[in-house]
Amino acid sequence: MSGWLPKSPKARRRLYLIAAIAPVLALAVGLTLWGLSDSISFFYTPSQAVEAKPPAGRSIQLGGLVQPGSVNKHADGRVDFVVADQKATMKVHYSGDLPDLFREGQGIVATGALRDDGEFQAKQVLAKHDERYMPREVSKALKEQGEWRGEGAPAPSYQTGAANP
């Protein structure tokens with residue numbers, strides 16, 4: 001036998017057992033991660049989504065503030081609105097009932113996918129219920145962009161090219 005193998009038959013048996021189990025375990029972990037890859041949903045703010053350019057059709061979460069004056073409700077139940085952060089905006093399309101707390105200037109998290117035209121097709125829209133609660137990802141992203149309003153800071157105003165009154 002080789003010089004690196006243990007001299008004890010018991011120790012050699014353990015080594016062979018570990019050598020047989022390790023590849024099977026690695027294959028199981030790899031298959032699990034591969035199977036879950038479609039169910040992973042990344043969180044982006046509009047500026048992060050523009051920068052990262054996730055592929056169209058991939059499930060993501062988009063979070064930010066509903067831009068004032070952007071909500072357009074259609075008779076067939078469709079709703080279009082714009083989600084904004086300090087750096088970018090993104091148009092969102094949604095079909096269905098919006099949460100009761102949904103309104104302009106409100107923080108939301110929408111789950112869906114980017115379309116080929118770069119706009120966001122939401123499958124679910126969640127509105128935050130007050131200033132004290134916000135998903136950790138949203139509050140972290142808003143703090144990084146200087147848009148956090150949790151401790152009584154004034155709300156940012158989003159201008160769409162109109163002069164400040």
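A residue is called partly exposed when its relative accessible area falls between the buried limit, under 20%, and the exposed limit, over 50%. In this predicted model, E119 has a relative accessible area of 23%, so E119 is partly exposed.

E119 takes part in a salt bridge with R115, where the closest N and O atoms are 3.1 Å apart. Salt bridges with shared partners link R115, D117 and E119 into one network. The contact between R115 and D117 has its closest N and O atoms 2.8 Å apart. R115 is partly exposed at 29% relative accessibility, and D117 is partly exposed at 48%.

The whole structure holds three salt bridges. One of them pairs R78 with D76, with 2.9 Å between the closest N and O atoms. R78 has a relative accessible area of 36% and is therefore partly exposed, while D76, at 55%, counts as exposed.

Helix α1 spans residues 9-36 and contains L17. L17 is exposed because its relative accessibility is 51%. Together with I21, L25, V29 and L33, L17 makes a nonpolar surface patch of about 490 Å².

The loop between α2 (46-52) and β2 (59-66) contains K53. Most residues other than glycine have a negative phi. K53 has a positive phi, near 50°. The relative accessible area of K53 is 65%, so K53 is exposed.

L142 belongs to helix α3, residues 136-144. With a relative accessible area of 5%, L142 is buried. The C-alpha atoms of L142 and G63 are separated by 9.3 Å, although the two residues are 79 residues apart along the chain.

Conventions. Residues are numbered from 1 along each chain as its sequence is written. This is a predicted model: local features need pLDDT of at least 70, side-chain atom pairs count only at pLDDT 80 or more; totals for chains, interfaces and linings use all residues. Side-chain values use heavy atoms; hydrogens and water are left out. Patches are made of residues with over 30% relative accessible area and no salt bridge: like charges are joined within 9 Å, nonpolar side chains (Val, Leu, Ile, Met, Phe, Trp, Tyr) within 5 Å. Accessible areas come from the Shrake-Rupley method with a 1.4 Å probe; for residues, only the protein chains shown count as cover. A salt bridge is a side-chain nitrogen of Lys or Arg within 4 Å of a carboxyl oxygen of Asp or Glu. Helices (H or I, at least four residues) and strands (E, at least two) are DSSP runs, numbered from the N terminus. Buried means under 20% relative accessible area, exposed over 50%, partly exposed in between (1.4 Å probe, protein chains only).
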